[in-house]
Structures are given as structure tokens and as C-alpha cells.
Amino acid sequence: MAAVVGGTSAEPDLARLARRQVAAEARGWELTWRPWELERVPMSGVAHLNCARDSGRGVLVSYPHMGPPTAWVPLARRLRPLYTPVGDWVLEEPRVGYNGYQVEQRRKIYSATGFQLIHASGSARTLLRLLGERQTVFIAMDLPGPRITEFLGKPVEMADGTARLAARTDSLVVPAALLPSGRRWRIEIREAVDPRDYSSPAELHQALAAIHSDFVLSAPEHLESPLR
């Protein structure tokens with residue numbers, strides 16, 4: 001948790017947040033084994049998403065690694081097909097042991113609900129084509145990369161692929177996050193960010209980082225470990 005909230009107003013609450021992070025991760029995996037509960041995850045801001053898709057441009061739904069990944073099921077069902085780059089470990093043969101069962105369960109849920117999984121490695125050409133065809137792509141914002149970015153109150157090395165894809169294809173970026181709601185989660189969708197309003201992909205990238213910092217700091221214990 002120190003890597004998440006260090007240098008922010010939440011840092012004095014570090015010990016409590018660290019305990020809550022362990023509980024949040026366990027609750028997230030529990031939800032994955034009860035897929036019928038996924039249909040009950042509510043969404044707010046759907047009008048922002050509809051407006052972006054009605055624009056006739058490609059759409060990038062940009063999200064941070066917060067909350068249980070399978071809770072995005074209602075979004076995938078609404079947007080079917082929803083193209084998303086994922087780590088090779090999601091698509092490879094599951095490893096032996098309990099974690100292998102976890103990964104396979106997540107993959108089954110994704111495949112059954114409208115996600116179209118793409119190998120993240122070497123995916124740029126595929127994503128450019130999809131966005132050029134006015135498709136919707138679901139892509140993580142908080143990935144490691146070469147761009148020094150002000151994120152969570154400190155300079156962080158992040159990937160800026162979302163901003164570069166949006167600028168190159170003139171696609172809208174719709175920020176969204178899974179946020180806690182009592183002992184459950186909800187999907188919050190924000191107004192689309194237009195690359196035409198920014199002078200460069202770097203400026204767009206920093207604007208997106210600010211939005212995602214706001215998401216994360218509202219419930220920092222629900223962010224996956226950035227040290228993983």
C-alpha cells in the first residue's frame with residue numbers, strides 16, 4: 001500500500017489500508033467463483049458511453065486495475081463484442097495448482113460474456129485496426145512503461161499506449177473504474193476525453209492519469225499491487 005498512497009493525503013492511514021487491501025483481494029476472488037453475482041454489478045454514467053459510441057468514432061474504455069476483474073461482466077455484455085488486450089498468462093495453458101483454476105475460471109467468464117481476448121504482446125497493429133473500424137477496446141491505463149507520469153501524487157513510469165492509440169485513430173477515451181459499494185462493487189463511467197482537445201498524446205496521457213488517480217485514491221485498498 002505504501003507504493004500506492006505514499007506521498008498522498010491517504011499515507012497516514014497506511015496500516016489500516018494495508019489490512020483492507022488483503023481483504024479486498026480475497027473478496028474479489030470469492031466473487032469470481034460466484035458468477036451469478038456478477039450480473040448484479042450496477043453501472044452509472046452509461047449515457048457517457050452511449051454518447052461516445054454514437055459519435056461514429058472508435059472508443060477506448062480506459063480502466064485502472066481496481067476491484068475484481070470479472071465484475072466488468074455487465075459492461076462486456078452491453079458492448080459485446082468488447083476487445084481487450086490481456087497478459088499472455090491469461091491465454092496460455094493454466095499452470096498446475098489452485099492459481100491455474102483461478103485463471104481458467106476468469107477466462108471462462110470473460111469468454112462467455114462478450115470479451116474478445118487479445119494477446120497484449122504485439123497487439124498495437126490489431127488495436128489500431130479495430131479502432132479504425134469504430135470498434136470498442138477495453139484497455140488498462142496503469143501499466144508500467146517509459147513515460148514519466150504524475151500519478152497518485154508522485155512521478156511514476158507508465159505506458160502511454162492508450163493516449164497514443166486515441167490520438168492516432170482519433171478515438172474517444174471513456175474513463176471507467178470498478179469502485180466499492182458497501183460489500184459489493186459498482187462500475188462508474190466518466191465523460192469521454194477527446195484527443196482533439198489536447199496538443200499532444202503526452203498531454204492527453206497526463207490528463208487520463210489525473211482521472212485515474214482520482215478513481216484510485218477514492219478507494220486505494222482496491223488497487224492491485226503495483227509491485228506485482
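Rings of Phe, Tyr and Trp (its six-membered ring) count as a pair if their centres lie within 6.5 Å; planes under 30 degrees apart are stacked, over 60 edge-to-face and the rest tilted. The model is predicted, with local features needing pLDDT of at least 70 and side-chain atom pairs pLDDT 80 or more, while totals for chains, interfaces and linings use all residues. Residues are numbered from 1 along each chain as its sequence is written, and side-chain values use heavy atoms, without hydrogens and water.

Select Tyr63, Trp72, Tyr110, Phe115 and Phe138: ring pairs link these residues into a cluster. The whole structure has six aromatic pairs. One of them joins Trp72 and Phe138 edge-to-face, at 5.0 Å centre to centre and 70° between the planes. Helices (H or I, at least four residues) and strands (E, at least two) are DSSP runs, numbered from the N terminus.

Next, select Arg27, Glu30, Leu31, Arg34, Glu37, Arg40, Val41, Arg183, Arg184 and Trp185, which line the second largest pocket. A pocket is an open set of points on a 1 Å grid over the protein atoms alone where a 1.4 Å probe fits, with protein on both sides within 12 Å along at least five of seven lines; lining residues have an atom within 4 Å of a point. Helix α2 (14–32) and strand β9 (184–189) each give two or more residues to this lining, and α2 gives the most, with three.
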